[in-house]
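The structure is placed below, and the entries follow.

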Amino acid sequence: MSIDTKKFPDGFVWGVATSSYQIEGAADADGRTASIWDTFCRTPGKVAGGDTGDRACEHYYRYPDDVRLLADLGIKHYRFSVAWPRIFPEKGKLNRKGLDFYRALLQELKKYGIQPLVTVYHWDLPQWVQDEGGWTNRKTVDYYLEYAGALFAEFGHDVPMWNTHNEPWCAAVLGYGIGVHAPGHTDWREALVSAHHILLSHGLAIRAYREMGLSGRIGMTLNLDYNDPASDRPEDLAAQQRHDGYLNRWFLDPLFKGDYPQDMKEWYLPHIGSFDFVKPGDLDAIGEAGDFLGINYYTRAIVKEGNGHPLLKADYELPEGSEVTDMGWEVHPESLYRLLKRLQQQYTSLPIYITENGAATADRLIEGKVDDRDRIRYVKAHLEQAQRFIAEGGNLQGYYLWSFLDNFEWAFGYEKRFGMVYVDYETQARTPKASAYWYKDVVRANRIVD
Ligand code: FCB
């Protein structure tokens with residue numbers, strides 16, 4: 001009998017992912033107040049087309065239909081996030097109605113046997129927290145713990161898996177350093193202080209979770225890439241090291257090795273003055289062991305020395321003839337395999353979950369159908385690399401496709417479509433794309449299908 005090389009191990013988790021601000025809409029329903037993304041969307045020039053999340057996919061109202069659609073598409077695992085300003089619309093004020101929405105969503109999922117993975121923070125910081133400095137303010141760690149604690153108390157027994165944070169690099173660096181995400185600041189010290197407070201809030205949330213005696217699993221999701229130097233010139237190799245330090249090691253090292261990487265501390269120091277925001281005990285807290293590592297992987301980077309990135313003195317290259325997605329991101333599945341290998345060899349033996357992977361494609365609805373074959377090809381190629389890692393003994397336990405629905409793609413607004421389900425934003429009609437049916441077959445068969 002031949003071995004089925006396309007099969008995944010029994011119990012492999014197949015899911016889809018979304019996040020609150022990107023799909024919920026209902027921006028001021030039931031006591032919700034503004035998040036930094038509501039504010040950012042109203043700042044001219046920040047979001048393509050002046051789009052906002054006011055309506056998004058109206059998931060807040062349509063969740064029963066959306067959950068039924070998940071079930072129809074054979075999905076058994078669903079990653080979503082909670083909107084912090086629904087839970088604490090004001091300082092110290094817990095909003096029962098906000099909790100009720102997520103209670104209802106969880107009940108609906110349960111009805112169909114769909115297991116939730118809940119992300120506590122996927123970037124929609126309450127504006128009132130930002131008004132006190134946002135993630136640059138150490139007090140935000142306390143606000144976060146109050147918020148996360150309220151979720152654990154309310155849903156701790158119903159949610160088997162928690163993500164403390166989604167992509168701290170994006171929240172800190174894109175939000176406070178480069179300014180293309182909310183709150184739109186451009187200050188490198190703010191970026192690093194924010195990253196530190198986010199990491200600290202993660203470690204302390206794990207402690208709080210454990211102290212509550214809850215039996216589920218908790219971890220964090222990082223956005224990581226695999227990077228290559230543009231040449232073997234020493235300058236390019238050094239630039240690649242810096243890029244790697246900036247995106248990957250700055251987060252992986254404190255989580256798994258107890259400290260920020262020395263080379264990057266030296267590189268950053270003249271830009272930020274000091275690391276006085278790292279207090280005694282912080283690194284211990286950040287290193288608090290989680291139960292898994294979540295990674296979001298989309299593309300790789302090819303790095304050379306240059307002035308494109310002012311902090312890093314680096315530039316990025318796209319090899320001629322590369323295949324790119326609608327985001328302009330190079331399609332490079334093998335780098336997913338290389339990344340997984342590296343994580344296992346250099347960082348952790350914890351189970352890894354791919355909590356996001358997927359592609360934006362220029363989808364069109366024609367006669368009721370969306371033929372998104374490029375998305376299918378993308379996902380398939382990445383699953384093959386995931387499988388290669390597992391076949392060599394790698395501890396990869398799940399894959400969540402980004403995304404369930406087309407949705408609000410941050411600074412790109414509704415221009416970019418990542419969903420396996422097409423959303424007509426005028427009518428809010430949902431149409432599963434070819435990829436949704438293909439993925440349904442994959443999930444059912446627990447193997448890559450053609
Ligand atoms: C990730 C985000 C997610 C989505 C994808 C395309 O960085 O976590 O919300 O926007 O990119």
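Entry 1. A polar side-chain atom of Trp 410 is placed 2.9 Å from a ligand oxygen atom. For Glu 356, I likewise noted a polar side-chain atom 2.9 Å from an oxygen atom of the ligand. In Glu 409, an N or O atom of the side chain is 2.7 Å from a ligand oxygen. I then looked up the cover: of the 290 Å² of accessible area that the ligand has on its own, the protein covers 95%. Such areas come from the Shrake-Rupley method with a 1.4 Å probe, and for residues only the protein chains shown count as cover.

**Entry 2. Basis of the values.** I note that this is a predicted model, in which local features need pLDDT of at least 70 and side-chain atom pairs count only at pLDDT 80 or more, while totals for chains, interfaces and linings use all residues. Residues are numbered from 1 along each chain as its sequence is written, and side-chain values use heavy atoms, with hydrogens and water left out.

Entry 3. Which pocket holds the ligand? The ligand sits in the largest pocket, in that more than half of its atoms lie within 2 Å of the grid points. On a 1 Å grid over the protein atoms alone, a pocket is an open set with protein on both sides within 12 Å along at least five of seven lines, a cavity is a set of points where a 1.4 Å probe fits but cannot get out, and lining residues have an atom within 4 Å of a point. I read a volume of about 970 Å³ for the largest pocket, a volume being the space filled by probe spheres set on points joined across faces, edges and corners. Its lining has 39 residues, with Trp 169, Leu 174, Asn 223, Thr 299 and Trp 329 nearest the centre. α8 (168-178), α10 (234-256) and β8 (301-309) each give two or more residues to this lining, and α8 has the largest share, 4 residues. Helices (H or I, at least four residues) and strands (E, at least two) are DSSP runs numbered from the N terminus. The lining comprises 22 nonpolar, 10 polar and 7 charged residues.

The second largest pocket holds about 240 Å³. Of its 19 lining residues, Thr 361, Ala 362, Asp 363, Asp 372 and Asp 374 lie nearest the centre. I counted its classes as 8 nonpolar, 2 polar and 9 charged.

**Entry 4. Cavities.** I found 5 cavities of 30 Å³ or more in the whole structure. The largest cavity has a volume of about 50 Å³, and its lining includes Trp 123, Cys 170 and Ala 182. α8 contributes the most to this lining, with 3 residues. The lining has 9 nonpolar residues, 1 polar and no charged.

**Entry 5. Backbone.** I recorded a cis peptide bond between Ala 182 and Pro 183, with omega about 5°. Pro 183 belongs to the loop between α8 and α9 (188-211). The bond from Trp 402 to Ser 403 is also cis, with omega near 10°.

Technical notes:
Polar contact = N/O pair within 3.5 Å; in protein donor to acceptor, adjacent residues only side chain to side chain. Nonpolar A, V, L, I, M, F, W, Y, C, P; charged D, E, K, R; others polar.
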